[in-house]
Amino acid sequence: MTRKTPRRLFSVSADLALSALLVAIFASTASAITIPTVPVGNPGNAGELSGTGAGGLGPDAIVGAVAYNYRIGTTEVTNAQYAAFLNAVAATDTYGLYNTSMGSSTWGGITRSGLPDNYVYSVKADAVGQGPGGSDYTYASKPVVFVSWYDSLRFANWLHNGHASGLQDASTTEDGAYTFSGATSVGGRNSGATWFLTSEDEWYKAAYYDGSSYHDYPTGTDATPDNNLPSSDSGNSANYWDSVIGFTTGDFNYPMTDAGAYTLSASPYGTYDQGGNVWEWNETLISGSHPSLRGGTWLYDSVILLASARLSLHPTLEDSLIGFRVATVPEPSTAVLAVVACALICVLRKRFQ
């Protein structure tokens, strides 16, 4: 004789299953770091020729065409975000994700203490009185530098794999968005990647496209930005060096502005600092096996902010002028997952009534 499952028993089991699912959903995001992003729509846009003219530093290319919707980091990855990554996966630092210049150079913003297997990473203490006008120069929100292209891909893998702080498992950096088969051996972006280093097309579109046409600068204009301090943001400002005015901050040793500090000078899609502050790695390989970089830096003049400015460097390079930005095609939010879970339980309940 086939025995039916008592309704009350199923109800209790369903409630327990729902509770377990919701706990898993919220636990998976409870300790996640935050990477603010903005949506980039207008899928299927045409690209444009870039890499020629003033500031052209790489081969000519048609760039900017993206066939899908995505989200891109509002700013470069910061020291605080990268320090959280290091504390999660680099207790031993098997893959050299930390460069000691991050601690020893005034341009770097992360210190390391402890011994191998027990390394601990912290945002560098404020440089008292070294900021503009005698203010303190703070490091948490400055873009991380001294990172290689491989470091940026491993950071993207960590994000893809859940970016849970405190997870001491370096293997989370070796697959996900990208599959590594060695310290410097990695394939292209995997299908289903949810977080990834920006491609050159994704980066370029977010910087220069306004939904119908391209601009020369990533502030939604064809007019050269000024290099005012963020406190005097004109709506077309960026952190770069000017041969007459000098550095934005006025100090070669403490030259960077906080990521997103130019709140009035966003790109048409709402990103910040895609011009100035630091060069940004892209996942796209040009000039053979060298990745593309875009955006210019605090050490170069305004010509490097142009859409035509394109650089490619060796992927192992770790420099004070180079950081990166990530992008995402998000998984369903926790709220959406919770609604789906509740709907599933309701359907199952009805079937057994």
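L197 has V326 in β14 as its bridge partner. The model is a predicted one, where local features need pLDDT of at least 70, side-chain atom pairs count only at pLDDT 80 or more, and totals for chains, interfaces and linings use all residues. Residues are numbered from 1 along each chain as its sequence is written, and side-chain values use heavy atoms, with hydrogens and water left out.

Now for the pairing around that bridge. β9 and β14 (residues 326–328) run antiparallel and share three bridges; strands here are DSSP runs of E with at least two residues, helices are runs of H or I with at least four, and both are numbered from the N terminus. Two strands count as paired if DSSP finds at least two bridges between them.

Helix α4 (residues 149–160) packs on the sheet and touches β9 and β14, contact meaning heavy atoms within 4.5 Å. The direction of α4 makes about 170° with that of β9; axes are lines fitted to C-alpha atoms (for helices, over the stretch in contact), and angles run from 0 to 180 degrees between N-to-C directions. Helix α5 (residues 200–208) also packs on the sheet, touching β1, β4 (70–73), β9 and β14, and its direction makes about 80° with that of β4.

As for the rest of the sheet, β4 and β14 are antiparallel and joined by two bridges, with R71 partnered by T328 of β14. R71 of β4 is also the bridge partner of P39, and β1 and β4 run antiparallel with four bridges between them. Put together, this is an open sheet in the order β1-β4-β14-β9, with β1 (37–40) and β9 (195–197) as the edge strands, each pairing on one side only. The twist averages 35° from one strand to the next.
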